[in-house]
Amino acid sequence: MNLYHQCVFIAFSLVVFACGPTQSINPQQDQTTSLYEIDEENAVHRLSRGIKHQTVSLEDTAEINFEPYEEFISFLEENYPNFHQKTERKRIGEFSLLFKWEGSNPNLQPALLMGHYDVVPSSADTDSLWSYAPFGGEIREGFVWGRGALDDKSGIMSILEAVEYLSERDFQPERTFYIALHHDEEVGGVQGAQQVAAYLEEEGVELKFLVDEGLPIAEEILEGVEVPLAMIGVAEKGSVNIELTYRQDGGHSSMPPRSTVIGTLSRAVNRIERRPMKAHYSGLILETLEPLIPYMSFTQRLAFNNTWLFRGLIKRKLSRNIATNAALRTTAAKTIFEAGFKENVLPIEGRVIINFRVHPNDTIEDVRRYVRNRIDNEDINIRVLERARNPSPVSNTHAAPYQMLKRTIEESFDQALISPSLFVAASDSRHFHNLTSNIYRFRPIRATHDDRPRVHGIDERISIDNYMEMIQFQIRLIKNSAGKME
């Protein structure tokens with residue numbers, strides 16, 4: 001045996017001994033621990049009726065019908081009377097609502113629970129593909145169906161159900177709670193969350209913590225690993241839209257040049273797709289996957305317990321899954337391609353917009369530089385569009401509010417593992433970093449791979465059982481954080 005083979009043998013031996021036996025959890029046994037007697041029928045019907053209000057956000061506010069917004073606000077006032085009696089309500093940005101539930105101890109920093117009630121539109125072209133009408137709020141097959149069932153009316157209404165429940169029983173928190181319901185999260189939150197944050201800052205409010213919409217309780221996050229993982233979003237990706245434009249002489253399609261506007265831009269897009277930005281298997285992603293390692297197969301544990309040897313293999317494997325790939329790197333989504341107006345006329349100008357979701361290890365400038373280097377064509381103009389933002393700071397997982405939230409999840413969901421994670425989408429929480437360093441993005445929504453396309457897609461729905469779990473969780477969250485946490 002030569003020296004090379006001896007080294008390989010020793011390395012393999014160390015790897016094998018580093019892997020303990022596989023643990024297992026039967027997903028069928030995973031359930032919520034229910035402490036509170038909730039009126040399920042009425043709670044579910046309230047969510048159903050809330051979904052029927054078509055509070056649709058559009059980029060062009062002049063095209064928005066705000067009448068359903070007013071109707072939804074009135075609906076909340078009528079259906080959560082104790083909540084409204086116990087809190088002070090302020091309207092901000094005309095349609096966003098900020099409630100203050102005064103605590104008995106002014107020495108405790110207040111907390112903020114928040115979400116949004118606006119929803120994305122449902123296209124008339126796809127409405128017929130839904131099992132039930134997008135705004136019907138149908139209660140069928142053990143689910144509540146409709147736009148907002150996942151994003152985010154179930155989230156905000158579970159908070160209201162919890163406060164209503166506690167208010168009926170004269171629960172008095174020591175800590176002051178703010179509850180914010182925003183009306184324009186789907187289009188950036190400029191008139192809603194941004195104005196709410198500015199108001200609180202002007203009032204001199206410093207928050208102990210904030211919980212917003214975010215990551216779910218995911219099942220089958222890795223192939224062959226069925227244990228549910230509750231992921232707390234402690235950081236959020238940045239976002240930048242980069243526009244590529246290219247011009248050249250036009251003419252008749254019967255005499256095309258070797259390369260057209262469409263061909264040149266297509267090659268640029270192809271170069272970006274073929275070689276994405278660098279994957280980062282370090283930092284937060286390691287903390288996210290660590291709780292799952294004991295439940296992996298022997299081969300998986302072999303790799304994940306020995307990243308010094310298998311880091312490249314792990315990155316390649318995780319990059320094949322669109323969910324874990326998004327946690328590894330800055331992603332590029334080609335969302336708009338415009339060129340040409342007639343089938344026999346060569347386009348003079350073309351335009352592509354690529355939406356990059358920026359990993360915490362990267363910056364907007366890193367993305368711009370990557371695009372310029374990758375497309376390798378100085379004749380293509382690159383422009384960073386407005387509303388670009390760098391990734392958020394990472395919240396401290398050792399802070400008391402994080403530990404409180406972790407304990408609340410443990411108490412609520414038997415056998416669910418918990419880890420800090422990167423939120424790869426965007427949330428209104430990005431407007432609140434001046435008010436607290438303890439920002440957490442989490443909704444106790446049970447999600448599988450099949451549920452991913454339902455958010456902003458067809459057949460959005462939430463199970464009745466899961467919605468009741470959400471209410472139970474919100475009650476616990478309020479009670480666990482209502483006093484001192486240190």
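Residues 24 or more positions apart supply 81% of the chain's contacts with a separation of 6 or more. The model is predicted. Its secondary structure comprises 14 helices and 17 strands. Of the 486 residues, 54% count as buried.

The overall dimensions were examined next. Along the principal axes, the C-alpha atoms fill a box of roughly 75 × 70 × 45 Å. The radius of gyration of the chain is 25 Å. For 486 residues, a compact globule would have a value near 23 Å, so the two agree.

One helix pair was examined in detail. Two packed helices are described by the angle between their axes and the distance between the axes. Helix 2 spans residues 40-52, and helix 14 spans residues 464-481. They pack at an angle of about 100°, and their axes lie 11 Å apart. Helix 2 is therefore roughly perpendicular to helix 14, because angles of 65 to 115 degrees fall in that class. Helix 2 contributes Glu40, Ala43, Val44 and Leu47 to the contact. Helix 14 contributes Ile464, Tyr467, Met468 and Ile471. Seven of these contact residues are nonpolar, none is polar and one is charged.

Ser158 lies in helix 5, which covers residues 153-168. Its relative accessible area is 0%, so Ser158 is buried. The side chain of Ser158 reaches the backbone oxygen of Gly155 at 2.7 Å. Beyond residues up to four places away in sequence, Ser158 touches Tyr467, Met470, Ile471 and Gln474.

Val56 sits in the loop between helix 2 and helix 3, the latter being residues 67-79. Its relative accessible area is 15%. Val56 is therefore buried, since the cut-off is under 20%. Val56 and Val120 are 64 residues apart in sequence. In space, their C-alpha atoms are 5.6 Å apart. Val120 is also among the contacts of Val56 when neighbours within four places in sequence are left aside.

Key: Residues are numbered from 1 along each chain as its sequence is written. This is a predicted model: local features need pLDDT of at least 70, side-chain atom pairs count only at pLDDT 80 or more; totals for chains, interfaces and linings use all residues. Side-chain values use heavy atoms; hydrogens and water are left out. Helices (H or I, at least four residues) and strands (E, at least two) are DSSP runs, numbered from the N terminus. Buried means under 20% relative accessible area, exposed over 50%, partly exposed in between (1.4 Å probe, protein chains only). A polar contact is a pair of N or O atoms within 3.5 Å; within protein, one must be able to donate a hydrogen and the other to accept it, and residues adjacent in sequence count only if both atoms are side-chain atoms. Contact means heavy atoms within 4.5 Å. Axes are lines fitted to C-alpha atoms, for helices over the stretch in contact, and angles run from 0 to 180 degrees between N-to-C directions. Angles under 35 degrees count as roughly parallel, over 145 as roughly antiparallel, 65 to 115 as roughly perpendicular and the rest as oblique. Ala, Val, Leu, Ile, Met, Phe, Trp, Tyr, Cys and Pro count as nonpolar, Asp, Glu, Lys and Arg as charged, and the others, Gly among them, as polar. The radius of gyration is taken over C-alpha atoms; the globule rule is 2.2 Å times the number of residues to the power 0.38.
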